[in-house]
Amino acid sequence: MAIKQMDSANKPISSDGRTYHVETRPGEVANRIVTVGDPQRARIMAQQLDLLLFEHSSHRGFLTITGLYRGLPLSIVAIGMGLSMMDFFVRETRMVVQGPLTIVRFGSCGSICDAKTGDVIIADSAFGINRNYDYFDTHTGTPYRLSSLEASDSMLAEHLVQQMQEHRVGREVVRGAVGNADSFYGSQGRTGDDFYDDNDALIPAIQEKVPGAVALEMESHMLFHLARMSTGRLNARPPSIRAACALLVFADRSGNAFISPEMSTQMVVAATKAVFDALVNDSPTQDGLHPSIGSVWESKV
């Protein structure tokens, strides 16, 4: 439960300036952000910051860590899983950070191409995969709906590719379209006898409709969509958010293989500086970003 009075139901920010779900306020989140699902992954990554300045866990499970990397503010935000959690994070972070935002989703995925466990995938675009609830009553239409593609920021994606290769992360760096499902099980084609999901043919259908599809996960489509929509009401200005996505292949869906805990930890550690360097190389100064006065990095930058 929230512990402070919210000033508005439409834009719930507490009397001390914190957003309702993420619980951060101006000056606690940097313009350069890595978002992950797992809070333990966030803490592993935070060990490679040059200076830790701020850490906060919200009552809704969001973990925000801000520090300095190469002398510049950078935040890591763990959001859990799914489209809704990405929506909470992006919208509430936009409320409290002045200036343009650059966001990299750094997560895991299941490969539906030739990429194997231990490889890296950079998303050039993402598409949604949504369960068609009406189908399971009427059996008309298709059980799952695929959206059109949302593009990542091409320059930021290129920085990620370069840094993954320079830091020698994984065995191969693969680029392509990433499918974002509204569930981990039914909408990603995981089959079983406990539920009627009618998804035996889902992955082949995805591959047929989106020839460049390389992986399945749950967050980047919402991130890319919101970045494109970050124009204010009535499309009044250029987007204020640029976004990209780097994924570690934890599951090989075609070979039905899963990464070992040891390899997954090693890959996260190896990829962390690659992601950090990509963000800093893309935005190497504080010009035009959130002011230092009143921030957790005041007097440090």
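User: How do helix α2 and helix α6 pack, and at what angle?

Analyst: Happy to look at this pair; keep in mind that the model is predicted. Two packed helices are described by the angle between their axes and the distance between the axes. Here α2 covers residues 83–96 and α6 covers residues 220–229, and their axes lie 8 Å apart. The angle is about 35°.

User: Is the crossing of α2 and α6 left-handed or right-handed, and which residues of α6 make the contact?

Analyst: The crossing of α2 past α6 is right-handed. From α2, the contact is made by Leu83, Met86, Asp87, Val90 and Arg91. On the α6 side, the residues are Met222, Leu223 and Leu226.

User: Where is Pro100 placed, and is Pro100 buried, partly exposed or exposed?

Analyst: Pro100 sits in the loop between α2 and β5 (101–111). Its relative accessible area is 42%. Buried means under 20% and exposed means over 50%, so Pro100 counts as partly exposed.

User: Which residues does Pro100 touch, leaving out those up to four places away in sequence?

Analyst: Good one to check in the viewer. With those sequence neighbours left out, the partners of Pro100 are Asn31, Arg94, Ser240, Gly288 and Leu289.

User: What separates the C-alpha atoms of Pro100 and Gly141?

Analyst: Along the chain, Pro100 and Gly141 are 41 residues apart.

User: Which residues make the nonpolar surface patch of about 340 Å²?

Analyst: One member, Phe184, is found in the loop between β9 (173–181) and α5 (202–209). Patch residues need over 30% relative accessible area, and Phe184 has 31%. The patch is made by Met81, Phe184 and Tyr185.

Conventions:
Residues numbered from 1 in each chain as written. Predicted model: local features only at pLDDT ≥ 70, side-chain atom pairs only at ≥ 80, totals over all residues. Heavy atoms only, no water. Patch = residues over 30% accessible without salt bridge, like charges linked within 9 Å, V, L, I, M, F, W, Y side chains within 5 Å. Areas by Shrake-Rupley, 256 points an atom, 1.4 Å probe, with all protein chains shown as cover. Salt bridge = Lys/Arg side-chain N within 4 Å of Asp/Glu carboxyl O. Helix = DSSP H or I, 4+ residues; strand = E, 2+ residues; numbered from the N terminus. Buried < 20%, exposed > 50% of the residue type's maximum accessible area, 1.4 Å probe, protein only. Axes fitted to C-alpha atoms, helices over the stretch in contact; angles between N-to-C directions. Left-handed = near helix turned anticlockwise from the far one by under 90°. Contact = heavy atoms within 4.5 Å.
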